[in-house]
Amino acid sequence: MAELLTTADGRPLAEALAQAQSKARRKAFFLVVPLLLFVLLSFVLPIGQMLHRSIYHDGFSRNAPAIAAWFDANPAGTEPDEAAFAALAEDFKAMQANRTAGEAGTRVNYVLPETRSLFTKTARNADELAPPYRDAFLAIDARWGEADLWGAMRGAASPYTTDFYMAATDFERGPDGNLVRVEENRQIYVYLFIKTFLLSGLITLICLLIGFPVAHLLATLPMAKANLLMILVLLPFWTSLLVRTTSWMALLQGEGVVNDLLLWLGAIGEDGRLRMINNQTGTIIVMTHILLPFMILPLYSVMRVIPPSYARAARSLGATSWTTFRRIYLPQTLPGIGAGSLLVFILAVGYYITPALVGGADGQLFSNMIAFHMENSNWSMAAALSAMLLVGVLILYWLYDRLVGIDRLKLG
């Protein structure tokens, strides 16, 4: 019947409706384009570049093409022959001319420490490299005969590599190319990864235990008093993170305000001052204070719209205060608990300034290792560690969605 109807200008009604819908969709798309471009340029592309950087490093392959070709022509485990040393000599002479031995050695040094100095030393003596090449290399440094070094160079011969993820999970490649665990005293990344998630979970739990009654008080107080209390909750947002952290350093140190107050109250003796800084305890205390508002605000946004009549009705029907809280009030606050917990946990996982300042060696988190490698220009290793952190957070996000439902989140 719609095909028989026409518009004022004589067009079929169905055709006019289809054109109007198409025009509306195009208009909606063009309105969203700026936001899409912003998300693409500020979020998607940087993450894509980070993921690419974590598997790409051409520092060695670009500066040592001859030995890279020999590795391609010979399978893993092949003993380096005179042709391999000749190809390596050709590359070192080119590195000497182009001054790129440090760049090539740095790439191998990420897998095998103390390699960069070996490369620069060999490049300085590249004029001495003459047949027989094997003996010439061994005369410069006996390490050129070690299988571990050749295995590291084979792994670096391709610009695309999984070496950085291998190192980020405390593995290394043996002379035969198989993955083996590094020595126990070098196994730091997996330990820090697990420690970061456990500490973040503990900080999230502490923030929930402190923030829940504060948010409830905000939601039930008269408006004038609630606004005053809200100002105190929001006050940390108006203060620099660095200022807050350094203030806690003054409070928690051995001769700080907290210890002096406990000493004055007689709770501790002069020789029993508490050590609350440059350790894990300091990291937990300061991060809990900094992240607490991110728990309180989502909880408050949910609690303030819960009708008090629900609790009064439950008590009038004979329910105790605990039963009313557990079966009536708490289930209605779950969206706020989920939102606050997710916010605090994700922020805690990625914090590095606060642990660096108050945590010391014992309070360092996984993000501090990322910052360390960035400061030392090891961008590929930093990208691999960042990708691990991203995957860990996404897995937890997926689990939360499966168990609770992401559509139940309420941020305000």
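**Reading charged side chains**

User: Is Lys23 buried or exposed?

Analyst: Lys23 is exposed, at 58% relative accessible area (buried is under 20%, exposed over 50%, partly exposed in between; 1.4 Å probe, protein chains only). The model is predicted: local features need pLDDT of at least 70 and side-chain atom pairs count only at pLDDT 80 or more, while totals for chains, interfaces and linings use all residues. Residues are numbered from 1 along each chain as its sequence is written, and side-chain values use heavy atoms, leaving out hydrogens and water.

User: Where does Lys23 lie, and which residues gather with Lys23 in a patch of positive charge?

Analyst: Lys23 belongs to helix H1, residues 13-53 (helices are DSSP runs of H or I, at least four residues, numbered from the N terminus). On the surface, Lys23 gathers with Arg25, Arg26 and Lys27 in a patch of positive charge (residues with over 30% relative accessible area and no salt bridge, like charges joined within 9 Å).

User: How should I read salt bridges, and how many are there?

Analyst: Side chains of opposite charge can pair when their charged atoms come close. Here the count comes to 8 salt bridges (a side-chain nitrogen of Lys or Arg within 4 Å of a carboxyl oxygen of Asp or Glu).

User: Which residue forms a salt bridge with Asp163?

Analyst: That partner is Arg107, with the closest N and O atoms 3.2 Å apart. The pair links distant parts of the chain, since Asp163 is in helix H8 (residues 163-168) and Arg107 in helix H4 (residues 101-109), 56 residues apart. Asp163 counts as buried at 3% relative accessibility, and Arg107 is buried too, at 0%.

User: What about Asp141 and Arg143: how are their side chains placed?

Analyst: Their side chains meet in a salt bridge, at 3.1 Å from N to O. Asp141 counts as buried at 11% relative accessibility, whereas Arg143 counts as partly exposed at 25%.

User: And which parts does the salt bridge of Asp260 and Arg273 tie together?

Analyst: Asp260 and Arg273 pair with their closest N and O atoms 2.9 Å apart. Asp260 sits in helix H12 (residues 257-265) and Arg273 in the loop between H12 and helix H13 (280-303), so the pair ties together parts that are 13 residues apart in sequence. Asp260 counts as partly exposed at 34% relative accessibility, while Arg273 counts as buried at 19%.

User: Which residues do salt bridges that share partners join into one network?

Analyst: Asp58, Arg62 and Glu103 are joined into one network in that way.

Definitions and conventions:
Patch = residues over 30% accessible without salt bridge, like charges linked within 9 Å, V, L, I, M, F, W, Y side chains within 5 Å. Areas by Shrake-Rupley, 256 points an atom, 1.4 Å probe, with all protein chains shown as cover. Lys, Arg positive; Asp, Glu negative; His and termini not counted. Charge placed at Lys NZ, Arg CZ, Asp CG, Glu CD. Helix = DSSP H or I, 4+ residues; strand = E, 2+ residues; numbered from the N terminus.
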